[in-house]
Amino acid sequence: MRVEGVKSIDEYIGIQNLEVRTKLEQLREIVRQAAPEAEEVISYQMPAFKYLGMLVYFAAAKNHIGFYPGASGVENFRDELVGYKTSKGTVRFSLDEDLPKGLIKKIVKFRVKENEAKEVLRRNKKKKL
């Protein structure tokens, strides 16, 4: 569920019902642990983390928590995401189940390394110009 006009992740989480708020706080903490250098932002009216570019997004929906690690984040963990509803860059975590903390951490750490590699390529390309 997109929420118009929120300015911070605290504000976004704060307006959710208790069950959703608890899951969002857990997800936020998992991402913080996996990417402590990442900056919290609101982008497309969703909580997101930015580190050398966008890292991951997450959001509340009616019956699930959406986690958006991008297409590579889903594809590289396809085997471990069996049992979760996924699409190109999206994973849906049911509100009725515990979040897969270890898997989320792995995906976020993968995305950190991916962004770091892209930054190295960008810098090398810039040096050549």
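## Ground rules

Buried here means under 20% relative accessible area, exposed means over 50%, and partly exposed lies in between (1.4 Å probe, protein chains only). By that scale Tyr 57, at 14% relative accessibility, is buried.

What you have here is a predicted model, so local features need pLDDT of at least 70 and side-chain atom pairs count only at pLDDT 80 or more, while totals for chains, interfaces and linings use all residues. Numbering starts from 1 along each chain as its sequence is written, and side-chain values use heavy atoms, with hydrogens and water left out.

## Overall layout

The chain has four helices and six strands; these are DSSP runs numbered from the N terminus, with helices being H or I of at least four residues and strands being E of at least two. Read from the N terminus, the order is α-α-β-β-β-β-α-β-β-α.

On size, the C-alpha trace spans about 50 × 35 × 25 Å along its principal axes. A compact globule with 129 residues would have a radius of gyration near 14 Å, and the 15 Å of this chain agrees with that. For the record, the radius is taken over C-alpha atoms, and the globule rule is 2.2 Å times the number of residues to the power 0.38. Of the 129 residues, 42% count as buried. Taking contact to mean heavy atoms within 4.5 Å, residues 24 or more positions apart account for 51% of the contacts with a separation of 6 or more.

## The nonpolar core

A nonpolar core is a set of buried Ala, Val, Leu, Ile, Met, Phe, Trp, Tyr and Cys residues joined through side-chain atoms within 4.5 Å. The largest one has 38 residues, and Phe 67 and Val 108 have the most contacts inside it. Two or more residues come from each of helix H1 (9-14), helix H2 (18-34), E2, E3, strand E4 (64-68), strand E6 (90-94) and helix H4 (101-128).

What does Phe 67 touch, not counting residues up to four places away in sequence? Its partners are Leu 27, Val 56, Tyr 57, Phe 58, Gly 89, Thr 90, Val 91, Phe 93, Ile 104, Ile 107 and Val 108.

## Aromatic pairs

Five aromatic pairs are present. Rings of Phe, Tyr and Trp (its six-membered ring) pair if their centres lie within 6.5 Å; planes under 30 degrees apart count as stacked, over 60 as edge-to-face and the rest as tilted. One of the pairs is Tyr 44 with Tyr 57, which is tilted, with 6.1 Å centre to centre and 50° between the planes. This pair links distant parts of the chain, 13 residues apart: Tyr 44 sits in the loop between strand E1 (39-43) and strand E2 (46-50), and Tyr 57 in strand E3 (residues 54-60). Tyr 44 is exposed, at 56% relative accessible area, whereas Tyr 57 is buried at 14%.

Tyr 84 and Phe 93 make an edge-to-face pair, at 5.3 Å centre to centre and 85° between the planes. Tyr 84 is partly exposed at 22%, while Phe 93 is buried at 2%. Together with Phe 67, these two residues form one aromatic cluster.

## Salt bridges

There are 10 salt bridges, each a side-chain nitrogen of Lys or Arg within 4 Å of a carboxyl oxygen of Asp or Glu. Glu 80 and Lys 106 meet in one of them (2.6 Å, N to O). Because Glu 80 lies in the loop between helix H3 (70-75) and strand E5 (85-87) and Lys 106 in helix H4, the pair ties together parts that are 26 residues apart in sequence. Glu 80 is partly exposed at 38%, and Lys 106 is partly exposed at 40%.

Within helix H4, Arg 111 and Glu 114 are three residues apart, about one turn of the helix. Their salt bridge has its closest N and O atoms 2.4 Å apart. Arg 111 is buried at 7%, and Glu 114 is buried at 18%. Leaving aside neighbours within four places in sequence, Arg 111 also contacts Met 54, Leu 55, Val 56, Pro 69, Ser 72 and Gly 73. Glu 119 and Arg 122, also in helix H4 and three residues apart, form a salt bridge with closest N and O atoms 2.6 Å apart. Glu 119 is buried at 13%, but Arg 122 is partly exposed at 43%. Elsewhere, salt bridges that share partners join Asp 10, Glu 25, Arg 28, Glu 29, Arg 32 and Glu 40 into one network.
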